[in-house]
Amino acid sequence: MANENLSILLAKEIEKFEGKIENAEEGTILSIGDGIAHVYGLSDAMMGELLEFPHGAYGLVMNLEEEEIGVALLSSSELLKEGDYARRTKRVLETKVGDALLGRVVSPLGEPLDGKGPIQTKEKMPIERIAPGVMTRKSVDHPLHTGIKTIDSMIPIGRGQRELIIGDRQTGKTSIAIDTIIRQKGEGVKCIYVAIGQKNSSVADFVDLLRKKGAMDYTLVVNASASEAAPILYIAPFAGMAMAEYWLNKGEDVLIVFDDLSKHAVSYRTLSLLLRRSPGREAYPGDIFYLHSRLLERACRLNENYGGGSITALPIVETQAGDISAYIPTNIISITDGQIFLDRSAFASGQRPAIDIGLSVSRVGSSAQTKAMKQVSRSLKMSIANYQENLSFAQFGSDLDESTKKILHHGDRAMETLKQGNGSPLSEEEEILSLFALDQGYLERLEKHQVKPFLSFMIQEIKRSNGELLGKLKNTHELSPEMVEELKTNMEECLSLFRKSI
């Protein structure tokens, strides 16, 4: 009976209780180390919120636990110690954006790293943002020229596409991205190069090359070097995407390169293990797929009602011994709209760029090609596949039938045509002239070693003697029957002149 009365009294007391839980605006550092702080007392802190610490330090909330929160520090933690305060800012992490960043090398937070003084912009955007919805988007059908014959003819990239560049170390992945940035000169495309975990000396070399080519006028470099803490490497691609979205919202076209996302995944794995999250496959946390999907999903092309701008993303991923079936490569392949695979054996044999035509694909396809490019490259991929198949058989026998010899003869000239040096992307007209000469059989009359010299000679000669034809091709992006006949006449003349010159 007494117990029943006690329970009734307690129930009445609970009903009358009007307790108010106070918002915790300030907490205390429980432990700190390796760029991670565990903070007690901030019960109202939000995921992704920016926290303020003593000595001007800031941190990003990344773990919400029952008794404490895990914070990734965005600046030096040497002066911080256990017992120091941590205050809420009620703001998410933002980075500087705007035209003032063009031509500069900046940190992921938009701070200058090139010694050229402060950046004159007051505009900021949050580094994390929900990707545009399906109804705001438009299909990809406008080409983004890379200036690389192999890509523009067989693995075309469109504005608003996400095309992965994948391959082993030192196979030319970054060179393809840099050439694509150089090719955007005069195309009205803003470019962002995000260096994640690269050496500062390498980034300086890229910047020098871009400056010599006049590409820094429309390019921004975001550098989170290998010497930076894991949190800085983690936020770098998101910050770069936020900078791109500033121009996207203004209806402009942007190209963004992430070099590379395998290092980004490693930095996130480091952060997660320090935050005591459960490791999964290859010690990566379970949400590593979501990390990259929410980043790359922000690359798109908007329809005219939303400004018609676009962000084209070229993520780079490094493989180990060509293993594209590893965890991170397969994740990002499934997120992107195709991949350009660079093969180490092709690189070693002297093929530049060392693109594996069989494993490379663009899911946008010919939708991102002009009519003229379709006309001259319609059978190229098939003929190269046929050549590579017959080449493997030809190594085992000397007696070849005439049809096989013809395939190998044409294939040799096709592979020579596709060879291209770094730092010299071609205009679309120059690519079409080279591919036209191959498609129409003019290169069959030359020795293999004469193909590259002839193509250079032919392009310069037609530019000199028939610039009007090239101007028409540039404006119409189509080869009319009259233009085809005119080009054939020009090719015959060039062949004759070339033979005389040698």
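A: A residue counts as buried when its relative accessible area is under 20%. Please keep in mind that this is a predicted model.

Q: Understood. How many residues of α13 are buried?
A: Helix α13 is mostly covered, with 11 of its 12 residues buried. Among them are Glu 428, Glu 429, Glu 430 and Glu 431, as well as Ile 432, Leu 433 and Phe 436.

Q: And how far does α13 reach from its first C-alpha to its last?
A: Helix α13, residues 428-439, reaches 16 Å, close to the 16 Å expected at 1.5 Å a residue.

Q: What follows α13?
A: Gly 441 follows α13, and its phi is positive, near 85 degrees.

Q: Staying in that area, what is Leu 380 in contact with, sequence neighbours aside?
A: Leaving aside neighbours within four places in sequence, Leu 380 is in contact with Ser 153, Met 154, Ala 414, Leu 418, Leu 435 and Leu 438. Leu 435 and Leu 438 are among the buried residues of α13.

Q: Where is Leu 380 found, then? Buried or exposed?
A: Leu 380 is found in helix α11, residues 380-394. Leu 380 is buried, with a relative accessible area of 5%.

Q: How many residues apart in sequence are Leu 380 and Leu 438?
A: They are 58 residues apart in sequence, while their C-alpha atoms are 9.1 Å apart in space.

Q: Changing topic: in what order do the strands of the barrel close?
A: The barrel has 6 strands in the order β1-β2-β5-β4-β3-β6, with antiparallel pairing. Neighbouring strands of this sheet are turned by 45 degrees against each other on average, direction ignored.

Q: How many bridges join β3 to β6?
A: There are 3 bridges between β3, residues 49-52, and β6, residues 85-92, and the two strands run antiparallel. One of the pairings is that of Glu 49 with Val 92 in β6.

Q: Which helix lies across β2, β4 and β5?
A: That is α6, residues 261-274, which runs at about 35 degrees to β2.

Q: On to the rings. How many aromatic pairs are found in the whole structure?
A: The search finds 7 aromatic pairs. One of them is Tyr 193 with Phe 206, an edge-to-face pair at 5.7 Å centre to centre, with 75 degrees between the planes. Tyr 193 lies in strand β11 and Phe 206 in helix α4, so this pair ties together parts that are 13 residues apart in sequence. Both residues, Tyr 193 and Phe 206, are buried.

Q: What about Tyr 234 and Tyr 268: stacked or edge-to-face?
A: Tyr 234 and Tyr 268 are stacked, at 5.4 Å centre to centre and 25 degrees between the planes. Because Tyr 234 lies in helix α5 and Tyr 268 in helix α6, the pair ties together parts that are 34 residues apart in sequence. Tyr 234 and Tyr 268 are both buried. Ring pairs also link Phe 238 with Tyr 234 and Tyr 268 into a cluster.

Q: Which ring does the charged end of Arg 269 sit over?
A: The charged end of Arg 269 sits over the ring of Tyr 284, 4.3 Å from its centre.

Q: Finally, where is Thr 219 found, and what is its relative accessible area?
A: Thr 219 is found in strand β12, residues 219-224. Thr 219 is buried, with a relative accessible area of 0%. Beyond neighbours within four places in sequence, its contacts include Leu 102, Ile 181, Cys 191 and Leu 210.

How values were computed. Residues are numbered from 1 along each chain as its sequence is written. This is a predicted model: local features need pLDDT of at least 70, side-chain atom pairs count only at pLDDT 80 or more; totals for chains, interfaces and linings use all residues. Side-chain values use heavy atoms; hydrogens and water are left out. Two strands pair if DSSP finds at least two bridges between them. Helices (H or I, at least four residues) and strands (E, at least two) are DSSP runs, numbered from the N terminus. Axes are lines fitted to C-alpha atoms, for helices over the stretch in contact, and angles run from 0 to 180 degrees between N-to-C directions. Contact means heavy atoms within 4.5 Å. The expected span of a helix is 1.5 Å times one less than its number of residues. Buried means under 20% relative accessible area, exposed over 50%, partly exposed in between (1.4 Å probe, protein chains only). Rings of Phe, Tyr and Trp (its six-membered ring) pair if their centres lie within 6.5 Å; planes under 30 degrees apart count as stacked, over 60 as edge-to-face and the rest as tilted. A charge sits over a ring if NZ of Lys or CZ of Arg is within 6 Å of the ring centre and within 35 degrees of the ring normal.
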